[in-house]
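These are my notebook entries on one model.

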Amino acid sequence: MKSKFTLIILLSVLAITANAQRRRRAASTNDTISSAYEPSELFSPLFYSEKGNEFHSPNGAPGEKYWQNRVDYWINTTLDTTAKTITSTEKINYTNNSPDALSYLWLQLDQNTYKKDARSNFLTGFAPAPEQHTDGYQIESVYVNTGNISTKVDFIVADTRMQIRLPKAVLPHGGVITFTIKYKYTIPGNFGNRTDFVDTKNGKIYEIAQWFPRMCVYDDTRGWDTLPFLGPGEFYLEYGNIDYQVTVPADMIVAGSGELLNPAEVLTPNQISRLNAARNSDKTVMIKTADEVNNHSFRQSAKSNLTWHFKMLNTRDVAFGVSKAYIWDAARVNLPEGKKSLSMSVYPIESAGNDAWGRATEYLKKSIEYFSEKWFVYPYPVAINEAGIAGGMEYPGIVFDGITDKGKELYWVTAHEIGHNWFPMIVGSDERRFGWMDEGFNTFIDIYASDNFNNGEYAPKRDGEYAPGGGDPADEIMPIIADPKAPVIMTAADAVPEKYRHPIVYFKPAFGLVLLREQILGKDRFDYAFKNYIHNWAFKHPQPDDFFRSMDNGGGEDLSWFWKGWFYNNWSLDLALIDAKYVGGDPKKGISVTVSNKEQMAMPFTIEAKLKDGSKYRMSLPVETWLQNKAITFIIPTTTDADSVTIDPDGALPDMDRKNNTLTVK
């Protein structure tokens with residue numbers, strides 16, 4: 001017993017001595033190496049300013065008492081191609097699931113952004129020329145409907161918002177109000193940015209979006225979300241069903257979000273037959289050919305106008321394109337569990353050809369199939385790729401892409417814009433405040449879609465949307481991080497200067513998710529947590545903390561250091577190799593390495609020893625390496641002669657100075 005006790009004491013003393021030596025060595029190294037890194041600042045506790053609650057759970061999921069309101073729309077609209085106007089009657093059924101009685105309602109009037117006195121003219125510096133402004137919405141009337149009785153109600157318009165002042169509050173916990181708005185507006189021309197008309201060889205193309213007054217969101221975070229539409233910040237909308245009818249000249253095609261309910265009234269039997277064939281074909285089927293564009297025999301009726309009737313379920317918006325110049329094709333989309341959808345494209349003759357829009361439906365189909373298999377099943381019966389001058393804009397079930405796009409540019413913009421049906425059309429984040437929650441997430445999923453498409457035909461996608469200069473993504477984002485004028489990711493969408501909009505709203509959050517997936521959590525844990533986030537918040541309204549908490553909990557890591565350094569700050573990373581030498585001068589005892597963290601950010605990292613026999617040995621060190629230390633000395637357990645040691649040999653980290661990442665072994 002005495003011998004065993006003595007041995008235990010001896011081992012304890014040896015362990016304490018070894019630990020003390022390591023601490024002294026680390027302390028000595030930390031004291032002698034210059035560094036801006038402060039472990040206590042990056043790893044400080046209490047990152048979340050609020051506790052989870054019964055509405056937004058601490059694990060990032062919707063809470064037991066989570067609620068959101070619902071909006072259903074019925075719209076009859078007429079497109080006047082002579083006056084270039086939209087005239088509509090819109091009925092709205094609004095369900096108040098909140099715990100609050102609502103004595104007034106707020107709606108969004110995005111078309112007012114084109115008025116001469118619009119607030120957006122004084123933000124972006126890209127106001128339309130004086131002759132290009134429109135008068136915005138002309139609201140004829142607003143009536144509240146109670147049974148067969150309609151009562152006119154007061155309203156005010158404030159820039160791109162309208163407040164309806166109700167004679168009687170909408171009751172909480174399921175109270176319903178129905179009201180009708182009659183309005184018209186002039187369609188902006190080619191200055192419309194997201195909604196416009198433009199001439200083509202065979203007629204005008206109209207891209208009609210943000211075309212009806214839409215309810216503002218009333219949520220559990222700030223009540224009515226009434227940020228004006230200024231341009232950079234996009235949309236935050238409630239979910240419901242949208243039933244809409246569009247009356248246009250009979251020689252025009254309407255390509256709209258949702259399912260066409262009356263094909264027999266607007267299409268010929270031949271077109272209906274072709275559409276049915278497309279629903280069963282993986283190859284693109286022509287519905288209206290180039291030869292038929294100017295052949296009016298495709299018209300279903302001798303009437304001067306036809307009304308196209310669409311319906312879309314559980315959506316936050318709809319949009320549509322109109323033209324007699326459209327070529328039209330389609331193909332089947334194969335979804336998980338045997339489900340099907342339909343991919344369609346409409347484009348003018350100028351955009352035809354297999355190197356251009358002739359493959360647009362294929363690009364759309366393959367993107368939807370990949371995103372559905374990887375993240376969440378596409379929920380709508382149709383998806384449309386429409387060619388115009390909006391040049392890359394997304395709405396549920398339809399995207400407006402560039403009329404002159406070809407090849408990889410057309411594939412990339414198609415994949416990106418239809419990817420928005422996952423963020424923010426399915427996961428309904430507030431992109432008017434947090435643009436990174438749709439653009440950043442969507443740019444991230446694009447990367448892997450490009451790698452997957454046609455065995456990497458257009459891979460890798462590292463320029464344009466992901467790495468602005470087309471080089472290594474880590475190298476590309478570093479100048480932005482180092483720029484003292486650059487805003488942080490958590491900046492309000494409309495407050496990000498145009499110079500920084502793509503780097504900060506698109507590229508940096510996308511690269512951040514790549515770092516989480518490939519360097520911090522690993523692919524399996526990241527994918528599991530990210531997929532859970534999507535499924536938990538499908539057709540709901542997550543806040544940023546819901547995403548952060550979802551990844552923390554689903555990934556099994558406290559990532560607050562990452563959210564703090566990457567999203568709330570532009571903190572830099574500079575890992576420097578200070579020393580590399582054989583232990584005791586003997587290659588058989590391994591290589592003693594000292595690495596310093598010289599800037600404010602930290603990361604797990606890989607270190608590689610290049611051996612003289614041509615082989616390589618790698619070690620991975622966790623982020624906890626930096627929990628106490630500004631510098632760390634450790635041993636790479638090699639047993640043969642080595643040439644050099646390198647930190648981050650794959651260049652995967654956003655290291656600000658790669659010149660200090662390699663040393664010859666002494």
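The entries below give what I found, topic by topic.

**Basis.** I worked on a predicted model, where local features need pLDDT of at least 70, side-chain atom pairs count only at pLDDT 80 or more, and totals for chains, interfaces and linings use all residues. Residues are numbered from 1 along each chain as its sequence is written, and side-chain values use heavy atoms, with hydrogens and water left out.

**Helix α7.** I took helices (H or I, at least four residues) and strands (E, at least two) as DSSP runs, numbered from the N terminus. α7 covers residues 439-452, which is 14 residues. From first C-alpha to last it reaches 20 Å, close to the 20 Å expected at 1.5 Å a residue; the expected span is 1.5 Å times one less than the number of residues.

I then checked burial, where buried means under 20% relative accessible area, exposed over 50%, and partly exposed in between (1.4 Å probe, protein chains only). In α7, 12 of the 14 residues are buried, among them Phe441, Phe444, Ile447 and Tyr448. I found the buried residues of α7 packing against α5 (360-374), β23 (393-395), α6 (407-419), α9 (498-520), α10 (523-537) and α11 (544-555). Just after α7, asparagine 454 takes a positive phi of about 50°.

**Serine 257.** I located serine 257 in the loop between β15 (253-256) and β16 (259-260). Its relative accessible area is 0%, so serine 257 is buried. For contacts I used heavy atoms within 4.5 Å. Leaving aside neighbours within four places in sequence, serine 257 touches Tyr244, Phe310, Met312, Val318, Ala319, Pro396, Gly397 and Ile398.

**Arginine 214.** I found arginine 214 in strand β11 (residues 214-215). It counts as buried because its relative accessibility is 1%. Its side chain makes a polar contact with the side chain of aspartate 110 at 2.3 Å. A polar contact is a pair of N or O atoms within 3.5 Å; within protein, one must be able to donate a hydrogen and the other to accept it, and residues adjacent in sequence count only if both atoms are side-chain atoms. Beyond its neighbours within four places in sequence, the contacts of arginine 214 include Tyr73, Phe235 and Asp317.

**Strand β8.** I counted two strands as paired if DSSP finds at least two bridges between them. β2 (residues 85-96) and β8 (residues 175-186) run antiparallel, joined by 12 bridges. Tyrosine 94 stands opposite isoleucine 177 in β8. β4 (residues 138-146) also pairs with β8 in the antiparallel sense, over 7 bridges. There, tyrosine 143 has threonine 180 of β8 as its bridge partner.
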